Structures are given as structure tokens and as C-alpha cells.
Amino acid sequence: MGCFAYFVILARGASPVATPELGAGIVNHSHVFYVAIRQKHVYDLSLQTMRIGIPGIMLTGFILHYLVGVKIFHNR
């Protein structure tokens, strides 16, 4: 959720054209807007965290439920 919220915050303060201060481009459904390079790095880091974290959480749930035997859903 934090990545999506940060994206909305970036989109609100972004520029439709590149400027000396806002030079890093982010693509949103084929529309490019420009933000500061530092902000782009933070956004890219949050995307990488989601790419690793979401499958990791799903794998952990699978391992706990099927291999360890922890009942995640008690009615099953």
C-alpha cells in the first residue's frame, strides 16, 4: 500500500515536462511525468520491495500451512 500511496503523491507534484530539478521520468499507462531523481530512487526501491515481498509472503504462508502444519484457516 505504501508504494501506491507514494506513487499518488509523486504524480500530484510531478511535472509533465522535464526540468533541471525534475529530470527522472516515471511512466503511468504510457504517460510520462517527471520527478526528482531522489524521489525516483525511493519509488524504484519500493517497487523492488513489492516484487520480492509479495511472493515471499505467499511462499511463507504456503510453507507454514502445508509443510509445517500451522492452520492458517481453521475452518478447512
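**Close-up views of a predicted model**

View 1. The side chains of K40 and D44 form a salt bridge, with 3.3 Å from N to O. A salt bridge here is a side-chain nitrogen of Lys or Arg within 4 Å of a carboxyl oxygen of Asp or Glu. By this rule the count is one salt bridge. Both K40 and D44 sit in helix α2, four residues apart, about one turn of the helix. K40 is partly exposed at 21% relative accessible area. D44 is partly exposed too, at 30% relative accessibility. Buried means under 20% relative accessible area, exposed over 50%, and partly exposed in between (1.4 Å probe, protein chains only).

The model is predicted: local features need pLDDT of at least 70, side-chain atom pairs count only at pLDDT 80 or more, and totals for chains, interfaces and linings use all residues. Residues are numbered from 1 along each chain as its sequence is written, and side-chain values use heavy atoms, with hydrogens and water left out.

**View 2. The largest nonpolar core.** Eight residues build this core: C3, F7, L10, I26, F33, V35, Y43 and L47. Two or more residues each come from α1 (2-12), β2 (31-35) and α2 (37-68). α1 gives the most, three residues. A nonpolar core is a set of buried Ala, Val, Leu, Ile, Met, Phe, Trp, Tyr and Cys residues joined through side-chain atoms within 4.5 Å. Helices (H or I, at least four residues) and strands (E, at least two) are DSSP runs, numbered from the N terminus.

**View 3. V17 in its loop.** V17 lies in the loop between α1 and β1 (24-28). V17 is exposed, at 52% relative accessible area. The C-alpha atoms of V17 and V35 are 9.6 Å apart, across 18 residues of chain.
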